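Please open the model in your viewer and keep the selection panel at hand. The stops below can be taken in order.

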Amino acid sequence: MPDHHYITTSIYYVNDEPHIGHAHTTVLADVLARYRRLQGRHVFFLTGTDEHGQKVRDAAVENDTNPKTQADRMVVRFQDAWNNLNISHDDFIRTTERRHTRLVESILRSLWDKGDIYFGEYVGWYCVPDERFWTEKDLVDAKCPDCGRAVEKISEGNYFFRMSGYQKWLVDHLNDHAEFIQPTYRRNEVLGYLGRPLGDLCITRPVHRLDWGVRLPFDPNYVTYVWFDALINYLTAAGFRSDDRAFERLWPTATHLIGKDILITHSVFWLTMLKAIGIPPPKTIFAHGWWNVEGAKMSKSVGNVAKPLDLASVFGTDAFRYFLVREMAAGRDAEFSEELLRRRYESTLANDLGNLAHRLVHMITRYCDGAIPEGGTVGDQETELRDRYTQLVTKVFENIESFAFDEALRDVEEVVRELNRYVEWNAPWARFKHGDQEAVRRVLYHASEALRLVSVLISPVMPEKTRQLWESLGWTPSGDLSEELMWGRLRPGSEVIPGHPLFPKN
Ligand code: MSP
């Protein structure tokens with residue numbers, strides 16, 4: 001039976017268009033999925049949209065439409081964006097789909113029957129002009145954080161999830177599973193949050209205040225709080241209560257990729273919900289950092305929301321994917337600017353990688369009649385190249401497993417630079433002039449083979465460019481990684497195809 005892997009992204013609110021933050025979570029998940037598929041594992045990769053709740057309702061009002069139409073319009077933007085970014089998801093879930101709302105209702109019903117949901121009094125602060133409820137800690141100087149006006153203390157009946165009852169269990173689970181939250185230092189943030197007594201979670205909104213959500217099956221005057229609804233998407237798509245065999249196979253392998261801003265909801269709300277439902281925790285939660293645009297936290301109000309589609313079409317999908325993966329150290333924040341993207345494109349991709357590929361194919365065309373030459377006798381330098389490469393394979397897969405995507409790419413870049421030095425130092429053009437054909441063949445074969453291998457290692461990040469590169473080297477992947485990653489699979493005699501540079505400079 002193949003080794004199964006369930007990979008999810010957070011699901012995105014359809015109140016606005018996709019931006020670089022959404023693209024980041026999705027591209028990371030895609031890269032992880034592709035690495036695992038490359039290793040022959042069976043991956044089920046899920047992404048989707050979070051379509052209920054206040055934000056979406058407010059956006060609909062602003063756009064003079066109803067929430068469902070708002071969601072229908074916006075979901076296409078997300079799907080197009082993922083299409084343009086070459087995202088290879090296996091399922092796309094919308095929380096308004098019946099398969100999902102049915103499960104939310106069914107879970108609410110079981111937790112209600114079990115006594116894990118109860119009716120109580122919710123006390124909060126209401127901003128009358130904004131028609132919004134705020135909690136005590138949302139307030140800024142005791143005023144509405146949104147419009148700055150006075151708020152009224154209001155209490156209303158709502159339903160609560162008995163989250164507090166699972167606090168001790170959750171703390172023990174986190175203490176016993178040091179690797180569960182990645183990067184591991186983020187676990188302390190969650191444990192810090194759990195240092196205070198955990199309250200119960202208010203999981204409803206009365207319909208007279210918000211009518212856009214899943215109705216409670218046992219009280220039609222209430223809709224479900226958007227987070228309680230949204231988190232369940234991970235169960236819906238895995239087949240919980242609809243396809244037991246799929247669920248049993250997938251759930252123990254679940255890896256949630258999220259941004260650091262939603263770590264508490266995923267580790268506290270979600271894990272206690274699962275515990276109450278009777279489902280073990282997922283395997284891992286990986287929280288990535290935040291993209292800052294020219295030092296400012298990205299937000300609509302600052303007006304600096306970079307549109308992934310725009311930049312992906314300027315620099316190309318693969319280069320854009322490479323940038324997103326390479327520039328953010330696991331879990332840390334990163335700086336985004338078009339200038340940084342341009343620099344990465346020109347130095348790493350165009351100069352180091354693209355140029356090397358172009359030159360090799362060009363030299364093989366000129367000096368070896370357009371066919372991959374025989375490698376001939378192996379010297380010290382070639383042995384060293386091969387050893388470096390063997391170490392690289394192990395390191396790249398280790399780094400990917402620990403979500404250090406940027407380090408995996410950094411190591412690859414280092415080897416590409418060494419490869420450039422190897423070609424430069426051996427100067428096949430000069431050797432050709434002096435008639436040392438054996439050296440020309442040796443150098444061009446080994447450099448091309450190393451380049452092919454390196455490109456297999458980065459193919460999950462740049463699937464299209466690497467495919468083009470393989471074509472130009474006259475190589476077709478076998479589909480079996482252990483074979484593809486073996487040194488010497490570039491066959492002498494294969495015809496190279498000279499073409500345009502992989503990363504043209506604009
Ligand atoms: N709908 C919720 C998630 C529910 S998951 C059951 C949500 N949606 S969101 O659209 O606001 O954001 C989704 C993701 O985008 C989060 O993982 C968040 O971290 C990520 N990003 C949004 N802006 C970001 C940056 N500026 N930088 C990096 N990622 C950020 O939250």
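The tour goes from the ligand to the strands and then to the aromatic rings.

Please keep in mind that this is a predicted model, in which local features need pLDDT of at least 70, side-chain atom pairs count only at pLDDT 80 or more, and totals for chains, interfaces and linings use all residues. Residues are numbered from 1 along each chain as its sequence is written, and side-chain values use heavy atoms, with hydrogens and water left out.

Next, display the polar contacts, which are pairs of N or O atoms within 3.5 Å. A side-chain N or O atom of Asp 261 lies 2.5 Å from an oxygen atom of the ligand, while a polar backbone atom of Tyr 13 is 3.2 Å from an oxygen atom of the ligand. At Trp 291, a backbone N or O atom is found 2.9 Å from a ligand nitrogen atom. The ligand taken alone exposes 660 Å², of which the protein buries 94%, with accessible areas computed by the Shrake-Rupley method with a 1.4 Å probe.

Now move to the strands, which are DSSP runs of E with at least two residues, numbered from the N terminus, as are helices (H or I, at least four residues). Two strands count as paired if DSSP finds at least two bridges between them. Select β5 (residues 117–127) and β7 (residues 152–161), which pair in the antiparallel sense over ten bridges, and find Phe 119 opposite Tyr 159 in β7. Strand β7 also pairs with β9 (residues 201–202), again antiparallel, over two bridges, and here Phe 160 stands opposite Cys 202.

Finally, colour the rings of Phe, Tyr and Trp (its six-membered ring), which pair if their centres lie within 6.5 Å, and whose planes count as stacked under 30 degrees apart, edge-to-face over 60 and tilted for the rest. The count by this rule is 31 aromatic pairs. Trp 251 and Trp 270 have ring centres 6.3 Å apart and planes at 85 degrees, so this pair is edge-to-face. Both Trp 251 and Trp 270 are buried, that is, under 20% relative accessible area. Zoom out to see the cluster that ring pairs form from Tyr 6, Phe 44, Tyr 234, Phe 240, Phe 247, Trp 251 and Trp 270.

Notes. A polar contact is a pair of N or O atoms within 3.5 Å; within protein, one must be able to donate a hydrogen and the other to accept it, and residues adjacent in sequence count only if both atoms are side-chain atoms. Buried means under 20% relative accessible area, exposed over 50%, partly exposed in between (1.4 Å probe, protein chains only).
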